[in-house]
2 protein chains.
Amino acid sequence: MQNFKSFYLFILFIVTIAQSQEHPNLILTKNGVQEIRQQLGKVPLFDSSLATIKKEVDAEMLNPISVPIPKDMAGGFTHEQHKKNYLILQKAGVLYQILNDEKYAIYVRDVFIEYAKIYPKLPLHPQTRSYARGKLFWQALNDANWLVYMSQAYDCIYEFLSKKERKFLEKDLFKPAAEFLSVGSPQFFNRIHNHSTWGNVGVGMIGLVMNDKTYIDYALNGLKSDGIAEDARDNDGGLIKKKGQKPGFFGNLDDPFSPDGYYTEGPYYQRYAMYPFLIFAEALQNNKPEMKIFEYKNGVLLKSVKALLNLTNSVGEFFPLNDGQKGMSYYSSELVVAVDIAYFYDKQDPTLLTVAKSQGQVALDPTGLKVAIAIRDGLEKPFEKKSLLLKDGADGKQGSIGIIRSKKGVNEFTLVMKNTSQGLSHGHYDKLSFSYYNNDNEIVQDYGLARFVNIEQKKGGSYLNENKTWAKQTIAHNTLVQDETSHFNGDFVTGSKFFSELFLYDDTNPDIQIVSAKEINAYPKTQLQRTMVVLNLSNFEKPLLLDIFDVKSNEVHQYDLPYFYFGQFLSTNFKYETPKIVEPLGTKNGYQHLWKEGFALVKDKNTKFTWMNNNQFYSLTSLTSSNDQIILARIGANDPEFNLRRDPTFIIRKKDTQNATFVTALETHGSYDYVSESAKNAYSNIDQLEIVFQDTIYIGIKITDKKGIKTLLLLNTKINDALQKNEISLDSKVYKWTGNYFISTID
Amino acid sequence: MQNFKSFYLFILFIVTIAQSQEHPNLILTKNGVQEIRQQLGKVPLFDSSLATIKKEVDAEMLNPISVPIPKDMAGGFTHEQHKKNYLILQKAGVLYQILNDEKYAIYVRDVFIEYAKIYPKLPLHPQTRSYARGKLFWQALNDANWLVYMSQAYDCIYEFLSKKERKFLEKDLFKPAAEFLSVGSPQFFNRIHNHSTWGNVGVGMIGLVMNDKTYIDYALNGLKSDGIAEDARDNDGGLIKKKGQKPGFFGNLDDPFSPDGYYTEGPYYQRYAMYPFLIFAEALQNNKPEMKIFEYKNGVLLKSVKALLNLTNSVGEFFPLNDGQKGMSYYSSELVVAVDIAYFYDKQDPTLLTVAKSQGQVALDPTGLKVAIAIRDGLEKPFEKKSLLLKDGADGKQGSIGIIRSKKGVNEFTLVMKNTSQGLSHGHYDKLSFSYYNNDNEIVQDYGLARFVNIEQKKGGSYLNENKTWAKQTIAHNTLVQDETSHFNGDFVTGSKFFSELFLYDDTNPDIQIVSAKEINAYPKTQLQRTMVVLNLSNFEKPLLLDIFDVKSNEVHQYDLPYFYFGQFLSTNFKYETPKIVEPLGTKNGYQHLWKEGFALVKDKNTKFTWMNNNQFYSLTSLTSSNDQIILARIGANDPEFNLRRDPTFIIRKKDTQNATFVTALETHGSYDYVSESAKNAYSNIDQLEIVFQDTIYIGIKITDKKGIKTLLLLNTKINDALQKNEISLDSKVYKWTGNYFISTID
C-alpha cells in the first residue's frame, strides 16, 4: 500500500511535470495546433490569413538576420529593425507550429541567439528622453512589446530547442529582459497605465513559458515594493502612481476599466492596451483556467472589446479622444485579435463576425479558426452601432462618454460628448467637450494629438511639444474656456481628482436624443452645464444638433466657446474685419497657437455662419447679444516646426459677465455637386433661435424655421426623473409634462 | 408633258415641304425614335438611363409650373427655377417622343405658354453685372443655354402642337429670344468665345426647328455687322473681338480649336462648350448631312472629344488649367453626350465604351442607343491614357500642353506642363507652369479658379475678385516670377499676342519622358526655358520629376519659383525662421494674398524639403547657392471674405542675378499607414543633386543617391534633332551621343 501510494504520487508528479513542460502552452496549445492542422485548406479566411503571414515571413527570411546595437528613436533604423524582428518572430513561431516546417523554428532560434549574444552587455538605450528607458528601444514600453511577442515565439519553438539552447536563452536573454522590465524598471512596471500593462504582460507571458512563478506573480500582482516617489511624473506630466494603488495585471484591470468596459485613457490607448490584455488573458485561460480570467470583474475584458468597437465612426475609426492619432481603426492588428478572442470567449456573438469579415484576416490560433469557420458557414449578423452611454471610472462613477447616433438616409450623424475623468497622463483638459460626425466626415472635430507616431522626422515619432501647449489645452477643444485659461488651470494633479457628472442621457426616442452633464470643478466658483440634443424634426432635412451651454459664476469672466469646423467658409449674417497682419489670439494656454484671422462685434440676436465641406453645407446659428464677439481663428501660430494642422475655428466670446447661456443649433443641409455644379439647399432653414423661458430649473428654446414653423423644446435641467411632473406658463399658455423634456410644434 | 412636268414639280414641292416640316428633326428624328422604341426593354444601359430621366421628370411634374419674373443671380431662386425648367423640358420632350405619352407634351406646351406670356414684356435682367445681360438670367449666356435646350423640347412636341399654338410660341417666345441673343446682343453673339458658341447654337437650333434660314445663317456665320468697338472688353477683362475675326459657329470651330482638338480656353471650358458644339453638329448632320460637319477641319470636333478625355487625372477629373473649377470631370452630362456622339460618328472606337460604361448613363437618342447596345454586347476595350502632346492655336502653332504619364504599380504619375497661348479671357498668366499628380492626388497643384460656381453666397456663384487678384496671377502657379510681377505684367492684350514655344517633347522611352519649352515674351529681355523630365530610375522607388528652369536676362532681377504642395510639412535640411506675426509677402500681383509663414537664407548646395500627403511621402531637393532664399508661404492674406483656400507653397527665391538655373528633383517615396502606424521609406533617396556641366547648349545633371549610385543626364537644350550628334568632355571623360539626351549610371 505504501509502495502503491508512492507509485501513485510518482505518476502524478510525472504527469504534473509533463503538463507544466508541454509547449506550446500560451496562445497555441497542442490541441489547438492539432485542430488547426486538421482544418487547413477548408476554411478560406483562415487559409488566406495564413498565406498572407507566410508570404510576409518568407520574404523577410530572405534578408540576413539583423540584430543591431540599439541607437535610434522610433522611425530610425535600429528601432524599426528590432520592432520588425519581434513581429516576424512571433509569426514565424506560429508558422512552425501550424506548418510543421523546421525552417521557421531555426530562424527564430538563430535570431534569439543573436539577441542573447548582445543582451547581457546592453546598457540603457542611448536616447535619454524617456522616464523609463529601455535597452533595445528608447523606452521600456517598446522593450515590453518586444517581450510580449518574443515570449510567444519562444513558446512555439520551445520543444524544438535543445535543453542547452533553452538554458542559454533564458539565462542571457529572457530572464534578464523580464528582470529589467520588472524590478529593473519599477517606475514603468508598477503603475496603472497602458505602459505597465505591456510590462506586466511581457513578464507574465515569459513567466508562463518558463513556468517561473516569480514572474507570473510580478505580472499579476505587481512588485511588492517599488520605491516610486509620491510626486514622480512621466514624460507626459502624468503622475507615476497614486498612493495605495494596486499594481500589476489585476490592478490594471481593476482601475482604468469601467464596468461598461470603457478604458479611462480613451479608445486610442484602449486599442493599444487591448492586445496585451487579451493575449495574456488567453494565455492565462490556457494555463490557469481555474482563474476564469474572462469572468473577472463581471467579464470586463470582453465588454471592453464591444465598448471599443462602439467608440468608432462609420468607417471604424476611433474617436480621437484624449491623445489619439486620427485614422487608427478597428482594422488594426490588435483589434483583429481582440474581436477573435471576444467571439471565442463571449458566447459566439454573431455580430462580431461582421466586423471580423471586414477586417479580412483572423488570428492564427484557435480563436481565429473559430471565427473563420463561422464566417465560412455564413453565421454572421449585422453589427449595428447604436446610441450608447459608456461610464468611466473603476466603479463607473467617474463621468461618462455619451455617443448619440442618428441615421437619416445614407447619413449617420454621431455626437460624441466627453464627460469623463482626466484619463491618466494621456488625458486632455476638455470637460464637456464634443465632436460631431456626418458618417466619417468630421463636422466639428476633436483635434486629437500633436504627434506623428513613428515618423522619425517629427521628434522621433514621439509626442511633440505642441501636444502639451496645444492639443491638451481646453481651447483646442469644442468646450468652454473661462478667461483664456484651461480647465483645472491645466494642472494634472488637480484634474485627476475630478470628473464631470452626467445629468441626463436619454436615447429612448430616436428623434430627440439628449445627453447633458455638469462640471463644477474645472473652474472654481463656476458651474458649467452642457446639454446636447440631436433633434430629428420633420421640417428639417437632416438632424439638428442643439447645444445649450449654461455657465454660472460668482465672478465676472470672459467665456469662449469654439467650434472647430472643417471646410470652405461661405457666409455669415454679420460683418467682420480681417486684419492686414495676423497675430496670435493670446499668449498662453493654447491661445498662442491661434491666428486671429477675423473679428466681429455682434449686433444681431442670432449669429449665423455657413460653410461647406465634402459637398455638404453646414450652418451654425447661435444666440448672441450685443456684447458678444465672434473670432475667426486658425491654428498655426507659434509653431516653429510646422507641427500643427492649419485648421479653422469659429469662436463665440461672451465678455464681462457672471452668467451666460450659449445656445447654438448646427444644421447639416443641402449638397453641392462638382460635376453638375448644382447647389441644393445652400441656406440655413432656421429663421430664428430663441430662449423663450429660463429660470433656475427650466430652459425653453424656440426654433422658428424659414416657413414659420415653430418648435418648442422645454427642458428640466435640474431633476432627471422620468416621473417628474413639470409645469411652465409661457405666452399665456400652460405647458405640463412628465419627464425630462417637452417638445412640440406650436403656433 | 407640260402638265406632267408641273405635276412632278408639284409633287417635289410637296415632298420638300413635308421634309422641311417633319419633326423631330434636330437630335431625335422619326427614324431614330422608331429605332429606339423597337429596342426598349432590350438594352440595359439605355433602359436604366431612360428610367432615371423619367423618374426625375415625373417627380418634377408633380410641382406646379413655375415661370417666375427674373430677379436673382446664379444660385438664387429665379435663376435656378429657369435653369431647371429648360433642363426638365428638354427631357420631357424626349420622353414624349420615346414613350409616346402625351402628358409630357402637354407639360412642355404649358410651360412654353407661360414663358410666351411673360417674354415679350421682359426688360433686361435687373442684375447689371454682365457685359451681356440676358432677359431670363443675369447673363445672355444662360439665356442661350435656355434656348439650346428649349429648342430641342420644341422640336419634340412640334407636331403635337396646333399650328396656332406654334405661331403664338414662335412669335412671342422663340423668335424674340433668337433675335435678342443675336442682333440684340452682338457683343455676346459675334465673338470667338464659349459664350458665343452657346449663342450661335441656341439661335441655330431654333432656326433649324423653325426652318428659319436667317437664324441658321446667323448661327453658322455670325452677324454681318455688329458695331463692336475695337477695345470692348467683357467682365473678365477679355477682349470682345479681335479685328478680322470670323464669327459664328464656323468661326468658333476655326479659331479656338487646334488641329489636335485642344480648345484654347482649357478643358473646363472645353467641356462646357462641348455640348453646344456637338449637339448642333448632330443637328446639322441630321438636317444638312451634305455639310459633313463632323469632317470639318479634319474632324476636329471628334478629335476634341478625345483630347478632352485625355485632359483628365486618373479619376477623370479635368486638369484645372486657366479658369477651371476642380472636381469637374468626364462624368458631366456634357461628356455623356460628347462620348456617345463621338462613338456614333467616329468609327465606333471601342475604348470610348469603357468611358461610357463608367459614366453609367447614355444620351436618350440614337447615339446613346448605339453605345448602350455595344456595351450590352460586350464590345468595349480599355481606355488607356498615354503621354500626349496637344498643340494649341487654330493652326497648332501657338504652344502646347504636354501631358506625361508614368505608371509604377498602382500609381499613375501625371505631369501637366502648360506652354500654351493665353487662352482667351479665361486664361491665366502662367507660362511654362505645371501641375503633377499621383493618381488623383495633387502632388503639386494648379490652384484653379477663385469661384464657387452656382453657390449664391459667393457673389452669386460668379467670378470672385480674387480670381483676378490671385488665381490668374503668375505667383499663384508653379512657374517663374520675375521681380514679383506677373507674366506680360498681367496685361491681357499683350499676353494674347504671344505663346510659349515647345522645344522638345519626347515620350518614346517610358523611363525618361521629357517636355521642354521656351518663353521669351513673358518678361521683355528675359528668356525662360523649362525642361521637365519624368525619370523612372531603377534605384528610385517611384518616378522622379526633374525640373530644370533656366533664366537668362540682360538685367539683374529677383526670380521666384513656387511649388504649391499639399499636406503635412515634415522636415527640411535647413534652418528657417517663423515670425511671431505674419504679414503678406508683397503688395500686388498676387503676392498680397500670401502669408509669409517662414523664411530661410540658404547655406547648403542642396535644399531639401519633405512632406506627407494622403499616406505618401514627398521630397523636393533643389540646387541652391548661398544667395538664395526659401519662403514658406500660405494663401489667405488680404482675403476679406474668406474666398481663398489656405493652401501652402514652397518658394525658392534667387536674388540680384541676371541668369539663374533652378534645378529641382521631386521624389515620391514610401508610405505611412495610420492603422499599423508604420512609416516606410520616409526619407529622400537623393544624397546630392548637381549641375556638372553647363554651357550655352548643354546642361549636365548628376543625381547621386543615398547608396552612392550616380545617374548622369546630359541634355541638348538648343537643338531638337533625333539625329544630332553631341559630344561633351566631363571629368576627363568624353560622352558622345545622338539625339536630345544622354542618360546613364556612372562611376
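Guide: Start with one term: a residue is called buried when its relative accessible area is under 20%. B:R271 has 2% relative accessibility, so this arginine counts as buried. Bear in mind that this is a predicted model.

Where does B:R271 sit? Its place is in helix α12 of chain B, which covers residues 267–287. Which residues does B:R271 touch, leaving aside those up to four places away in sequence? Within chain B, the partners are B:L308, B:F318, B:M328, B:S332, B:E334 and B:L335. There is also a partner from chain A, namely A:E677. Keep that last contact in mind; the interface comes up below.

Now the helix itself. α12(B) has 21 residues, and 18 of them are buried, so the helix is largely enclosed by the rest of the structure. At 1.5 Å a residue, α12(B) should span 30 Å. Its end C-alpha atoms are 29 Å apart, which agrees. The helix does bend, by about 35° at B:A273. A proline, B:P276, follows that bend within four residues.

Next, a loop of chain B. B:N322 is in the loop between α13 (296–310) and α14 (333–345) of chain B. Its phi is near 50°, a positive value in a residue that is not glycine. B:N322 has 0% relative accessibility, so it counts as buried too.

The size of an interface is often given as the accessible area lost when the parts come together. Here the area buried between chain B and chain A is about 4,300 Å². Carbon and sulfur atoms give 54% of that area. Three residues of chain B, namely B:Q457, B:F642 and B:E677, supply 18% of the area that chain B buries against chain A, more than any other three residues.

In chain A, A:F642 deserves a look of its own. A:F642 is in the loop between β16 (629–635) and β17 (648–657) of chain A. Its phi is positive, about 50°, although the residue is not a glycine. With a relative accessible area of 4%, A:F642 is buried.

How are the two chains related? A rotation of 180°, with 0.1 Å of shift along its axis, superposes chain B on chain A with an RMSD of 0.0 Å. The two copies are thus related as by a two-fold rotation axis. In chain B, the C-alpha nearest that axis belongs to B:V582, 2.7 Å from it. Of the interface residues of chain B, 100% are also interface residues in chain A, so the copies meet through the same surface.

One more element of chain B is worth a stop: strand β14, residues 606–613. Eight of its eight residues are buried, so β14(B) is largely enclosed by the rest of the structure. In a regular strand the side chains alternate between the two faces of the sheet. On one side of β14(B) are B:N606, B:K608, B:T610 and B:M612, all buried.

β14(B) has a partner in strand β12 (568–572) of chain B; the two pair in the antiparallel sense over four bridges. There, B:T572 stands opposite B:F609. With strand β15 (616–623) of chain B, β14(B) pairs in the antiparallel sense over eight bridges. In that pairing, B:F609 stands opposite B:L620. The hairpin of β14(B) and β15(B) has two residues between the strands. In that hairpin, B:N614 takes a positive phi near 45°.

Finally, a backbone detail. The peptide bond from B:H23 to B:P24 is cis, with omega near 0°. B:P24 is in the loop between α1 (2–21) and α2 (30–39) of chain B. In chain A, the bond from A:H23 to A:P24 is cis, with omega near 0°.

How values were computed. Residues numbered from 1 in each chain as written. Chains lettered and ligands numbered in written order. Predicted model: local features only at pLDDT ≥ 70, side-chain atom pairs only at ≥ 80, totals over all residues. Heavy atoms only, no water. Least-squares fit on C-alpha atoms with pLDDT ≥ 70 in both. Contact = heavy atoms within 4.5 Å. Buried < 20%, exposed > 50% of the residue type's maximum accessible area, 1.4 Å probe, protein only. Pairing = 2+ DSSP bridges. Expected span 1.5 Å × (residues − 1). Bend = angle between axes of the 7 residues up to and from the residue. Buried area = accessible area lost by both parts, 1.4 Å probe.
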